[in-house]
Amino acid sequence: MLSDVPNLALCFGYVNLSWTMRADLTARLVCRILNHMRRADLAAVTPPAEPGVREQPLIELASGYVQRGVQGFPRQGHRAPWRMRQTSAGHRRHRARRPPTRAARSASHGAAAGRRRPADPRLTMADPDGTCDERFAELAARLSENLDAGDELGASIALVVDGQPVVDLWGGWADQDRTTPWRRDTIINVWSCTKTVTSLAALLLVERGLLDVDAPVARYWPEFAARGKEGVLVRHLLSHTSGVSGWDRPVTVADVRDVPAATARLAAQAPWWPRARRPAGYHLLSYGHMVGELVRRTDGRTLGRFVAEEIAGPLGADFHIGLPDSEFGRVADVVPPPFRSSDLAAADPDGVSMKTFTGPLGGAEESRHPEWRRAEIGAANGHGNARSPARIHSVIACGDTLDGIRLLSPRTIDLIFHRQTDGPDLVLGAHLRFGIGFGLPSPAVPYLPPGRICFWTGWGGSVVVIDTERRAAIAYVTNRMGTGLLGGDRTTQYVKAAIAALD
């Protein structure tokens, strides 16, 4: 049945792309493969699972990234819930009480029979650690339970209220082999949560009078006016309505990493939907290149340098767009999300969604390459932990100053909440609402209550939520990526638990 599709095979019940396949795979071929898949085909080639091993499929097409292969990992044993002890700071310090692990039990049994075996340290889970105000004990419990169950591999959660950290938790493992614990200074590629910091950089230039959201992009970047884009305003870039949600194919991830050349390509191409219509079409990767170019044209510095010198540095936040080689040793590797055979199967091969997700077509493993980490991709390759975006976005949550530092005035913050779109997104298909630079609560994100809240998510479940009414900033990052682009079950648990405790 699939003999007419070269270089592709069904393996372990999932589509396995040939290693020679490159990112110029056409959208038509992707659709064709997925439309040909049937349960009978998968069942016929699925071997029996090995005892004690859970298969982790590594293909995700809904987000425009393709993973290769199948990974197995041991099931985690149950561990006891978290306990708390009072610290001098008035918070509770968390430690998980560790019962005997599976390896330890096995060693004990072997000793009784005269056959002692050493415990495998990879089968034990690193203890969750950090501080948490007792009001947020439920949030801490959710993280502990997900680590116990193996739903989390490694993660960090932070919550800042009135500029003060009330939750700063981390735990689990920084690698899939479970050899490196997730530590306080562990950082990770936060994917599209990067966009929130890129948007803040643009708003800082608005605050300083260097950028006008109602001005044409071409005022600052003349080349962008090419092929009918002279009417695109700055606000259109910041609300995903410019019509340039990706690159014309063929384009590769390597092309996108060359930020100056990739940015010039976006300026030269025509928009993918008519200017007369202004629906949102999520700017998956192009957002950072275009907003970053506005930063460079108005300030003179690259986006990464601007963020380091004007935002992360003054606020003491461990966040990087363009990671120095010296920091590579702290990075946790992401584990790609499971495959869903329905992803993009019904998409129009020439539609905006397919063109965005396949322009370029890449995989989560790209984040492990030094070239990706070094690049300044303001839509997707920011590196930090939960503490850093929670700290950064407290300047919005508090609405004035943070530790004597004022980046945005209330007037500029108000711009974020000027609704620009309200309806189905051309790329994601979900009913979304965008303000300027951030998403707003909508039917597609039921874990957010109504109110003066802005947010955005990262591929796999990471999230940043800024609640100006509760003066709170919530952030969660993880290396075990889930399906979905607007948060998953773990995202929902953590955000709901945090907001419930704030009410």
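1. In this predicted model, Tyr282, Phe434, Phe455 and Trp456 are joined into a cluster by ring pairs. The count of aromatic pairs comes to seven.

2. The ring centres of Tyr282 and Trp456 are 5.3 Å apart with the planes at 45°, so this pair is tilted. Tyr282 belongs to the loop between H9 and H10, and Trp456 to strand E16 (residues 453–457), so the pair ties together parts 174 residues apart in sequence. Tyr282 is buried at 3% relative accessibility, and Trp456 is buried at 4%.

3. Phe434 and Trp456 also form a tilted pair, with ring centres 5.3 Å apart and planes at 40°. Here strand E14 (residues 431–434), which holds Phe434, is tied to strand E16, which holds Trp456, across 22 residues of sequence. Both Phe434 and Trp456 are buried.

4. Helices H9 (residues 259–268) and H10 (residues 286–299) pack at about 95°, their axes 10 Å apart. H9 is therefore roughly perpendicular to H10, as angles of 65 to 115 degrees are classed that way. H9 contributes Val259, Ala262, Thr263 and Leu266 to the contact, and H10 contributes Ser286, His289, Met290 and Glu293. These comprise four nonpolar, three polar and one charged residues.

5. Helix H14 (residues 387–397) is mostly covered, with 10 of its 11 residues buried; among them are Arg391 and His393.

6. Two charges sit over rings: that of Lys229 is 4.9 Å from the ring centre of Phe224, and Arg373 lies over the face of Phe328 at 5.4 Å from the ring centre.

Terms used. Residues are numbered from 1 along each chain as its sequence is written. This is a predicted model: local features need pLDDT of at least 70, side-chain atom pairs count only at pLDDT 80 or more; totals for chains, interfaces and linings use all residues. Side-chain values use heavy atoms; hydrogens and water are left out. Axes are lines fitted to C-alpha atoms, for helices over the stretch in contact, and angles run from 0 to 180 degrees between N-to-C directions. Helices (H or I, at least four residues) and strands (E, at least two) are DSSP runs, numbered from the N terminus. Angles under 35 degrees count as roughly parallel, over 145 as roughly antiparallel, 65 to 115 as roughly perpendicular and the rest as oblique. Contact means heavy atoms within 4.5 Å. Ala, Val, Leu, Ile, Met, Phe, Trp, Tyr, Cys and Pro count as nonpolar, Asp, Glu, Lys and Arg as charged, and the others, Gly among them, as polar. Buried means under 20% relative accessible area, exposed over 50%, partly exposed in between (1.4 Å probe, protein chains only). Rings of Phe, Tyr and Trp (its six-membered ring) pair if their centres lie within 6.5 Å; planes under 30 degrees apart count as stacked, over 60 as edge-to-face and the rest as tilted. A charge sits over a ring if NZ of Lys or CZ of Arg is within 6 Å of the ring centre and within 35 degrees of the ring normal.
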